[in-house]
Amino acid sequence: ISVSLTADFEEIIKSYCEHAHDFWCFNKIEQGWSYGEAYNDIEKKHPLLKAYSTLSRKDQSKYEDIAREALKSMRILGWNVEKSEAAAGTTIKNASRLFSKKIRELKSAYIPKPYDLSNITLTREQDDLAIQLSINYHHIWSKQKKFDLENVGASLHHLLVPYELLTDREKSKYLEFSFDLLKFLILNGYR
């Protein structure tokens, strides 16, 4: 099934990806990580701890591709994603942002400012959709991983299993993304 997205969706995808990257950076910094030219687990340095706009196109597309696929999946699953009449013309400029003392004390040009989505509650139907999206996310990841492994002559990876066989911890990455995306859409007036 081929599904295309309008320019409005491309705009919300970019906005969501900036938020998602800021959220990831926020959590990394809270865990003691800082920017470094090269990844170093011991010194807790990471080259991606910088503004989304400064990431390479390849790194940006990692965020954008999965968000785009999730929106397409929503449409395939019968969800009509559109701005509500009441929210038409509203912006998220006044939405709450996450902050912490550690982040505020950073002596860096880049300060991540993800939106605080903790006060947004999903309906039971939206919870079910988030689970469906997380399953789909795993299928997309598995397909890409299998392709990547075949290109280097390998075929095994411990997460190349049906979604139902993943541990709760392994599923959490997919679920967190799905819940976060749905809450971000709601914050932006989408229903």
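**Close-up 1. Lys171, a residue whose place is in helix 5.** Helices (H or I, at least four residues) and strands (E, at least two) are DSSP runs, numbered from the N terminus. The model is predicted, and local features need pLDDT of at least 70, side-chain atom pairs count only at pLDDT 80 or more, while totals for chains, interfaces and linings use all residues. Residues are numbered from 1 along each chain as its sequence is written, and side-chain values use heavy atoms, with hydrogens and water left out. Lys171 is buried but has no salt bridge, and the nearest side chain of opposite charge, that of Asp168, is 4.7 Å away. Here buried stands for under 20% relative accessible area, exposed for over 50%, and partly exposed for what lies in between (1.4 Å probe, protein chains only); a salt bridge is a side-chain nitrogen of Lys or Arg within 4 Å of a carboxyl oxygen of Asp or Glu. As to charge, Lys and Arg count as positive and Asp and Glu as negative, with His and the chain ends not counted. When neighbours within four places in sequence are left aside, Lys171 is in contact (heavy atoms within 4.5 Å) with Tyr163, Glu164 and Leu166.

**Close-up 2. The largest pocket, with about 1,900 Å³ of space.** On a 1 Å grid over the protein atoms alone, a pocket is an open set of points with protein on both sides within 12 Å along at least five of seven lines, a cavity is a set of points where a 1.4 Å probe fits but cannot get out, and lining residues have an atom within 4 Å of a point. Grid points are joined across faces, edges and corners, and a volume is the space filled by probe spheres set on the points. The largest pocket has 46 lining residues, and those nearest its centre are Lys62, Tyr63, Ile66, Tyr137 and Lys173. At least two residues of this lining come from each of helix 1 (7–30), helix 2 (57–76), helix 4 (124–151) and helix 5 (168–187), with helix 5 giving the most, ten residues. By class, the lining of the largest pocket holds 20 nonpolar, nine polar and 17 charged residues, where Ala, Val, Leu, Ile, Met, Phe, Trp, Tyr, Cys and Pro count as nonpolar, Asp, Glu, Lys and Arg as charged, and the others, Gly among them, as polar.

**Close-up 3. The largest cavity, with about 100 Å³ of space.** Two cavities of 30 Å³ or more are counted by this rule. Among the residues that line the largest cavity are Met74, Trp79, Gln126, Leu182 and Arg191. Helix 5 provides the largest share of this lining, three residues, and the lining divides into eight nonpolar, one polar and one charged.

**Close-up 4. The second largest cavity, with about 30 Å³ of space, and Asn136 in its lining.** Other residues that line the second largest cavity include Ile66, Leu133, Tyr137 and Phe177, and helix 2 and helix 4 each supply at least two of the lining residues. Asn136 lies in helix 4 and is partly exposed, with a relative accessible area of 24%. Not counting residues up to four places away in sequence, Asn136 touches Glu69 and Ser73.

**Close-up 5. Lys44, in the loop between strand 1 (34–35) and strand 2 (45–46).** Most residues other than glycine have a negative phi. The phi of Lys44, however, is positive, near 55°, and Lys44 is partly exposed, with a relative accessible area of 33%.
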